[in-house]
Each structure stands twice: as structure tokens, then as C-alpha cells.
Amino acid sequence: MRVTNCTVRMPAKINLCLGVGPRRRDGFHELATVFQAVDLYDKISVRQAADITLTMPGSESENLPLGDKNLAVKAAKLLRLRHGSPDMGVHIEITKKIPVAGGMAGGSGNAAGVLLACNKLWGLDLSDEQLHALALELGSDVPFMLSGGTALGFGRGEELTQLPHSGKLNWVLATNRQGLSTPRVFETFDAMGANGDVSSPDDLVQALKRPDADAVAGLLRNDLQPAALSMRPDLKNILKAGIEAGALSGLVSGSGPTCVFLVKDRRAARKVGAAVGSCMGVASALAVSGPAVPSVRINTDGE
């Protein structure tokens, strides 16, 4: 039976640890990171169409491009070019819940979701390895977003090892009204002469196996945080408010500006969420948990 449409739910990403080395000759930085996907989702729906088109309903998406500059469109066109045929088309609809330019890989997740969905829609039956190779061409975070969960990443973040993880960790995400440009944060990191630690975060990997939230809290770190805070000093007040309200730990996620707080349980999440939600510049305070994984639902012409 022919697949007529497909819906994918793609989680957001946070960095529990982000070690950043000096800029490489290819322009990228060497990274040592632990990714975790959390249960805040964008929904990507695809259906057969004459060409590749995109719509993004909702105010959250009103300033995003809908053409070739959108990473989701790039993903569909790359997949068609490498493994499809010119007559293949798809209409993509993305309903966003993950904040734009929030350091949570929303755009990368959308691209990964399009790869997963169109692989099913077009009946390509590509392997995980083939999808990973395409994902890497689209961006450093896209390979992780294909699988989600919790993973250790090296290189640009594309050299992935899935990590065993027992139980859930509870987080509060303080999203921001104003985004931060990832390239500019890395440029500021370079200008500050920073040189982070890109050794394997073995202590954190072991703590995640238990999981021991108190132990994990003491091992969270982000080498980009000083650069992000230098560009956005207001984020310091958000981090301070979360810690004073009882968070086990707090840090800027990735390149920011989203701040993430590890909390003991949902009760603590409500208290921390109320405190950071009242801070200037915070758009929302969201209680989430991780790890999370993408989900794919397909419909066929027999349904």
C-alpha cells in the first residue's frame, strides 16, 4: 500500500555538557557534548504533492522563511536529489512549539523530521547510516535529532554514541523573547580567547546510568555560557532566580538564550517555573522531562 501522509513528532534538545575546543581548519569547533532530547515537540506532517512546499501555521513561525532557506525544505530537496527522482514532491506542514533561535535545535529537529517522514512517504527505505550521512550535510545537530534519547557527541557533535539512561530527569526550560545567533555566540567565544575542555565527560555518563539527579547536577557545564552571558547579561538574573527557587543546577543550553534547570521532581519544577517565569525577558517557563525520542505515524491509501 502507498503511504499517503506521515506525521512526525520531534523533541527539543538540550546540552547537559558542552565542551568547546578551538576553531578547526574547516571552520567548525571540536566538541565534546552530551545531548538529551526532552518532551517538548514540533509536529511535522507531510503528504504527497506535485513539488516541495512548506507551510508553518501559528505566530511562532511568522518570521521564518518558507523557501529554500528553510532547513526543512533543504532536507526534502537533498533527500530527493540523492535518493529520489525529480517527480517526487511533498507538502510539509510544521507546527512549532520549540522556540525559534532558542538553542534547542528546533530547526535541526525539523530537518531530521522531514528526512524521517519523507523516507517513509516516498518509500525510499534508507538505512540509519544513509539518513545520518544526509543529516550531517544539513547541520551538526541534525544527526542526533534523528534518534533523540541521550547521546555522547564528539567532532562537530556528529560522532554519536547512544547512552544508557535509567529513568527520567525533570527540567524547567526558561525560553526567551529574544533569540541568540549561534554563529555570533561562537564568534564571541573565539574573541574571548576561550579554549574549553573537550575530554570525554565520563563522570556525567556514569551519573546518567543511575540516574542520580544530584550527581548529574554537579556535572552540568557549558563552555559557551560565558560568551552567551557577555552578549546577554540579563540571562544571569534568570539563572540566579532558578537556583534561589530550589533548582539543583542551572545553565544556558547550547548557544542560548534558553536557560535550563535540573529539578528534583514536578513539585520543584512548579516552584522554579514560577520564579523564572516572572523574570524580565522570559517568554515561558516549561516543565519537561528527558530523555525523549521522535515518533512517526504513517497512513496508507488502505486506511
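**Close-up 1. Lining of the largest pocket in the predicted model.** In this predicted model, the residues that line the largest pocket divide into 19 nonpolar, 16 polar and eight charged. The volume of this pocket is about 1,200 Å³, and of its 43 lining residues, Ala105, Ser108, Asp141, Thr182 and Pro183 are the closest to its centre. Two or more lining residues come from each of strand 1 (3-23), strand 2 (29-48), helix 1 (71-83), helix 2 (106-121) and helix 5 (182-191). Domain 1 (3-163) and domain 2 (169-290) each give at least three residues to the lining of the largest pocket.

Close-up 2. Ala105, one of the residues closest to the centre of the largest pocket, is found in the loop between strand 4 (90-95) and helix 2. The phi angle of Ala105 is near 60 degrees, which is a positive value in a residue other than glycine.

**Close-up 3. Where domain 1 and domain 2 meet.** The protein chain is divided into domain 1 (3-163) and domain 2 (169-290), and the centres of these domains, taken over C-alpha atoms, are separated by 23 Å. On the domain 1 side 30 residues are in contact with 39 residues of domain 2, and the two domains bury about 2,500 Å² between them, with 66% of that area on carbon and sulfur atoms. Leu16, Leu18 and Val20 together supply 22% of the area that domain 1 buries against domain 2, more than any other three residues. The count of salt bridges between domain 1 and domain 2 is one.

**Close-up 4. The salt bridge of Arg23 and Asp190.** The side chains of Arg23 and Asp190 meet in a salt bridge, with a distance of 2.6 Å from N to O. For the model the count comes to eleven salt bridges, and the pair shown here links distant parts of the chain, with Arg23 in strand 1 and Asp190 in helix 5, 167 residues apart. Strand 1 and helix 5 are also among the elements that give two or more residues to the lining of the largest pocket.

Close-up 5. The peptide bond from Gly256 to Pro257 is cis, with omega near 5 degrees, and Pro257 has its place in the loop between strand 9 (249-252) and strand 10 (259-263). Gly290 and Pro291 are likewise joined by a cis peptide bond, for which omega is about 10 degrees, and Pro291 lies in the loop between strand 11 (282-290) and strand 12 (295-300).

Definitions and conventions: Residues numbered from 1 in each chain as written. Predicted model: local features only at pLDDT ≥ 70, side-chain atom pairs only at ≥ 80, totals over all residues. Heavy atoms only, no water. 1 Å grid on protein atoms, 1.4 Å probe; cavity = no way out; pocket = protein on both sides within 12 Å on 5 of 7 lines; lining within 4 Å. Points joined across faces, edges and corners; volume = space filled by probe spheres on them. Helix = DSSP H or I, 4+ residues; strand = E, 2+ residues; numbered from the N terminus. Nonpolar A, V, L, I, M, F, W, Y, C, P; charged D, E, K, R; others polar. Domains from an automatic or database assignment. Contact = heavy atoms within 4.5 Å. Buried area = accessible area lost by both parts, 1.4 Å probe. Salt bridge = Lys/Arg side-chain N within 4 Å of Asp/Glu carboxyl O.
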